[in-house]
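Reader: I would like to learn how to read a structure like this one. Where do we start?

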Protein chains: 2
Amino acid sequence: MGLTKTDLFTVKQNEIATMLKALGHPARVAILEYLIRVDSCICGDIVDELPLAQPTVSQHLKELKTAGLIKGSIEGTAICYCVDKESVSLLQSYFAGISLQLADKEKRCC
Amino acid sequence: MGLTKTDLFTVKQNEIATMLKALGHPARVAILEYLIRVDSCICGDIVDELPLAQPTVSQHLKELKTAGLIKGSIEGTAICYCVDKESVSLLQSYFAGISLQLADKEKRCC
DNA sequence: ATTATTTATCGTAATATTGCAATATATAAA
DNA sequence: TTTATATATTGCAATATTACGATAAATAAT
């Protein structure tokens with residue numbers, strides 16, 4: 001197989017999983033953090049910043065973009081990437097909600 | 001390849017990526033949500049709840065456990081799984097921090 | 001027009017993931 | 001002890017991911 005059965009789960013569950021999967025690699029976490037740290041949304045510097053080859057970085061950027069976590073805009077010959085605030089906000093809300101629900105429960109085991 | 005170069009990134013980045021990767025599959029998101037929803041941390045009901053075969057569910061549970069997101073305790077012949085509050089709290093803090101940092105920045109492109 | 005610069009895509013090798021049937025393990029009940 | 005119940009492990013096929021060299025595409029500068 002190797003094929004995720006997305007149709008068996010809710011749209012929301014798939015949405016969350018897709019975004020988290022995109023961040024399920026240290027290079028992509030590093031890219032996100034770099035884009036946030038640098039206050040302009042600088043682009044190909046990511047390649048210099050990361051210890052990975054240019055095609056590899058490009059591929060990671062594509063995955064982040066496909067998952068909706070970053071956006072890119074053409075800036076002359078370069079491309080300017082930046083974080084999609086909405087999607088990050090969505091994840092933030094998701095975990096905030098979960099934490100809230102967890103706070104109420106008292107554990108009966110574990 | 002197919003091999004993540006974890007040594008090239010920070011411990012924190014790897015830690016976050018590992019947990020998010022574990023949640024990067026709708027079945028595992030569904031398991032987390034189910035464990036939170038059911039206020040006792042019931043175990044093998046997960047198999048009935050999810051539209052996946054028992055070995056598949058067992059495997060997903062293992063991945064969540066390895067990533068530290070859930071814990072399991074033996075309860076007679078059954079095993080009782082529940083969410084590890086600390087790790088969820090860690091993720092919650094992570095995204096809260098990112099959101100805060102993002103709020104300050106004004107976008108220069110995208 | 002030619003050349004340099006920047007980013008994307010292709011091709012490919014190594015490895016990982018997903019899913020499940022079959023089977024093993026381990027405890028509870030009879 | 002035998003049988004039932006619950007969960008884990010093994011083995012395997014199909015597919016996905018990771019990484020990068022080589023190359024393409026697209027714009028800027030000369």
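Author: Start with a definition: contact means heavy atoms within 4.5 Å. Keep in mind too that this is a predicted model.

Reader: What covers the buried residues of helix 1 of chain B?

Author: Buried means under 20% relative accessible area. In helix 1 of chain B, the buried residues are Q13(B), N14(B), I16(B), A17(B), M19(B), L20(B) and A22(B). Their cover includes helix 2 (26-37), helix 4 (54-66) and helix 5 (85-104) of chain B itself. From chain A, the cover includes helix 1 (11-22), helix 2 (26-37) and helix 5 (85-104).

Reader: What covers the buried residues of helix 1 of chain A?

Author: Among the elements covering them are helix 2, helix 4 (54-66) and helix 5 of chain A, together with helix 1, helix 2 and helix 5 of chain B. The buried residues there are Q13(A), N14(A), I16(A), A17(A), M19(A), L20(A) and A22(A).

Reader: Why read such a list by its spacing along the helix?

Author: An α-helix has 3.6 residues a turn, so residues three or four places apart point the same way. In helix 1 of chain A, I16(A) and L20(A) are among the buried residues.

Reader: Which pattern does chain A follow along the sequence?

Author: Chain A has five helices and two strands, in the order α-α-α-α-β-β-α. Its radius of gyration is 17 Å, well over the 13 Å that the globule rule gives for 110 residues, so chain A is more spread out than a compact globule. Its C-alpha atoms fill a box of roughly 55 × 35 × 25 Å along the principal axes.

Reader: How many of the contacts in chain A link residues 24 or more positions apart?

Author: Counting contacts with a separation of 6 or more, 49% are of that kind. Buried residues make up 45% of the 110 residues in chain A.

Reader: Now single residues. Is V57(A) buried or exposed?

Author: V57(A), in helix 4 of chain A, is buried because its relative accessible area is 1%, and the cut-off is 20%. Leaving out residues up to four places away in sequence, V57(A) touches I46(A), V47(A), L50(A) and L52(A). V57(A) and I74(A) are 17 residues apart in sequence and 17 Å apart in space, C-alpha to C-alpha.

Reader: What does H60(A) touch?

Author: H60(A) lies in helix 4 of chain A and is buried, with a relative accessible area of 6%. Under the same exclusion of residues up to four places away, H60(A) touches H25(A), A27(A), R28(A), I31(A) and L52(A).

Reader: Is S99(B) buried or exposed?

Author: S99(B), in helix 5 of chain B, is buried, with a relative accessible area of 18%. Beyond residues up to four places away in sequence, S99(B) touches V88(A), S89(A) and Q92(A).

Definitions and conventions: Residues are numbered from 1 along each chain as its sequence is written. Chains are lettered from A and ligands numbered from 1 in the order in which they are written. This is a predicted model: local features need pLDDT of at least 70, side-chain atom pairs count only at pLDDT 80 or more; totals for chains, interfaces and linings use all residues. Side-chain values use heavy atoms; hydrogens and water are left out. Helices (H or I, at least four residues) and strands (E, at least two) are DSSP runs, numbered from the N terminus. The radius of gyration is taken over C-alpha atoms; the globule rule is 2.2 Å times the number of residues to the power 0.38. Buried means under 20% relative accessible area, exposed over 50%, partly exposed in between (1.4 Å probe, protein chains only).
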